[in-house]
Amino acid sequence: MGYVKLPKASGYDLLPAENIGALKFTTPNLIVSYVPSGTVTIAASSAFEQADVAKILDAVDLINGASGPSIAPAALSQKVTGTTVS
């Protein structure tokens, strides 16, 4: 399983790149929905932008189900402050 490395002010959060069913921008957060169930909410101190969805999806495409080092997306508009799994 590959992971997308989400840069934070200090360190990183890892986002599993496998079984992603949807990734959407819902002001101010990014919401990742997994198949068959589960979601990850990616939060920042300010609102993300729609372009951040494409950057994360590009990183997922580069991973393409491979294992190995995580891949960081192109610089997001905001630093991630945290992720919540539900």
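In the structure, S33 touches N19, I20, G21, A22, G38 and T39, residues up to four places away in sequence being left out of the list, where contact means heavy atoms within 4.5 Å. The structure is a predicted model, in which local features need pLDDT of at least 70 and side-chain atom pairs count only at pLDDT 80 or more, while totals for chains, interfaces and linings use all residues. Residues are numbered from 1 along each chain as its sequence is written, and side-chain values use heavy atoms, with hydrogens and water left out.

S33 is placed in strand β4; helices (H or I, at least four residues) and strands (E, at least two) are taken as DSSP runs and numbered from the N terminus. With a relative accessible area of 23%, S33 is partly exposed, on a scale where buried means under 20% relative accessible area, exposed over 50% and partly exposed in between, for a 1.4 Å probe and protein chains only. S33 and L23 are separated by 10 residues in sequence and by 6.3 Å in space, C-alpha to C-alpha. V32 also lies in strand β4, but V32 is buried, its relative accessible area being 1%. The contacts of V32, not counting residues up to four places away in sequence, are L15, I20, A22, L23, G38, T39, V40 and I42. V32 and S46, by contrast, are 14 residues apart in sequence and 18 Å apart in space, C-alpha to C-alpha. For the strand as a whole, five of the six residues of β4 are buried, so β4 is largely enclosed by the rest of the structure.

Strand β4 (residues 29-34) runs antiparallel to strand β3 (residues 20-26), and six bridges join the two; strands are counted as paired if DSSP finds at least two bridges between them. Within this pairing, K24 has I31 as its bridge partner in β4, and I20 has Y34 as its partner in β4. The two strands β3 and β4 form a hairpin, with two residues between them. Strand β4 is also joined by four bridges to β5, again in an antiparallel arrangement, and the partner of L30 in β5 is I42. The hairpin formed by β4 and β5 has four residues between the strands, and G38 in its turn has a positive phi of about 105 degrees.

Helix α1 (residues 50-63) has 14 residues and reaches 21 Å from its first C-alpha to its last, close to the 20 Å expected at 1.5 Å a residue, the expected span being 1.5 Å times one less than the number of residues. The buried residues of α1 are D52, V53, I56, A59, V60 and I63. These residues cover an arc of only 130 degrees around the axis, which puts them on the same side of α1, the arc being that of the directions from the helix axis to the C-beta atoms. On the other side of α1, D61 and L62 are exposed. The cover over the buried residues of α1 includes β1 (3-7), β2 (12-16), β3, β4 and β5 (39-44). Just after α1, N64 takes a positive phi of about 50 degrees.

As for the aromatic rings, K5 lies over the face of Y12, at 4.7 Å from the ring centre; a charge is taken to sit over a ring if NZ of Lys or CZ of Arg is within 6 Å of the ring centre and within 35 degrees of the ring normal.
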